[in-house]
Amino acid sequence: MLIWHRGVKAVSASVGEKGVSVDAFFAQLQQKTVPRVAGSAVFLTRTQNNIPPVMRWHVARNRALQQDVLSLTIDILNVPYVGEEQRIRVEQRAPGYWHGVAQYGFMEHPDIPRLLQGVSEINALFATDDATWYVGHETIVAGEGGAGMAAWQRHIFAFMKRNCTHVINHYHLPSDRVVEISRRVAV
């Protein structure tokens, strides 16, 4: 657990991207006349206050963004179970853009598509067969300095990261509608 904890901290420090606020991001979209295309997208992210890095990368590469977008943060709490009344909260932060936080206990098995079906404000937009799911994935590689981790710890962490349950399976995402955006992270 110590190696996992240190590795996750090292990855976070290495990625350490500067966040872009919701207002600034959508102002850039208008300024650059980035089209909003038909459809819906769900971006899984750890970011709660800014635009998800995967969403920024998607727009930069594809030069378009779906009409309806949900960024979703999944929090696994330090309790075995979370009551349904505390499960999810969603708020609209810009036209066509919502942010949600889903909470689960460590003994629960999250089923994110089923969860979104129960949220009346967004069910029609994101729980359909039209929604595309975007997931970021980090591939761990050895870097110089090692972020304070010994080489043997970096190797064990990389092994653990490669062999953990994939997010698509863990959250029961529809594998035929998931876009995985990968990047190499040096620790």
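Q: What covers the buried residues of H3?
A: Some conventions come before the case. This is a predicted model in which local features need pLDDT of at least 70 and side-chain atom pairs count only at pLDDT 80 or more, while totals for chains, interfaces and linings use all residues. Residues are numbered from 1 along each chain as its sequence is written, and side-chain values use heavy atoms, with hydrogens and water left out. Helices (H or I, at least four residues) and strands (E, at least two) are DSSP runs, numbered from the N terminus. Buried means under 20% relative accessible area, exposed over 50%, and partly exposed in between (1.4 Å probe, protein chains only). Contact means heavy atoms within 4.5 Å. The cover of the buried residues of H3 includes helix H2 (22-31), S1, S2, S4, S5 and strand S6 (178-186).

Q: Which residues of helix H3 are buried?
A: In helix H3 (residues 53-62) they are Val 54, Met 55, His 58 and Val 59. Seen down the axis of H3, these fall within an arc of 135°, so they line one face of the helix; the arc is that of the directions from the helix axis to the C-beta atoms. Just after H3, Arg 63 has a positive phi of about 55°.

Q: Which residues of H6 are buried?
A: Gln 153, Arg 154, Phe 157, Ala 158 and Lys 161 are the buried residues of H6. They cover an arc of only 135° around the axis, which puts them on the same side of H6. Trp 152, His 155, Arg 162 and Asn 163 are exposed on the other side.

Q: Which residues touch the most other members of the largest nonpolar core?
A: In soluble globular proteins, nonpolar side chains tend to be buried together. A nonpolar core is a set of buried Ala, Val, Leu, Ile, Met, Phe, Trp, Tyr and Cys residues joined through side-chain atoms within 4.5 Å. In the largest one, of 21 residues, they are Val 42, Leu 44, Ile 112, Leu 116, Trp 133 and Leu 173. At least two residues of this core come from each of strand S1 (36-44), strand S2 (65-77), strand S4 (97-105), helix H4 (112-117) and strand S5 (132-141). Apart from this core lies another, of 18 residues, including Phe 25, Val 59, Ala 94 and Tyr 134.

Q: How many helices and strands does the chain have?
A: There are seven helices and six strands, running α-α-β-α-β-β-β-α-α-β-α-α-β from the N terminus on. Buried residues make up 42% of the 187 residues.
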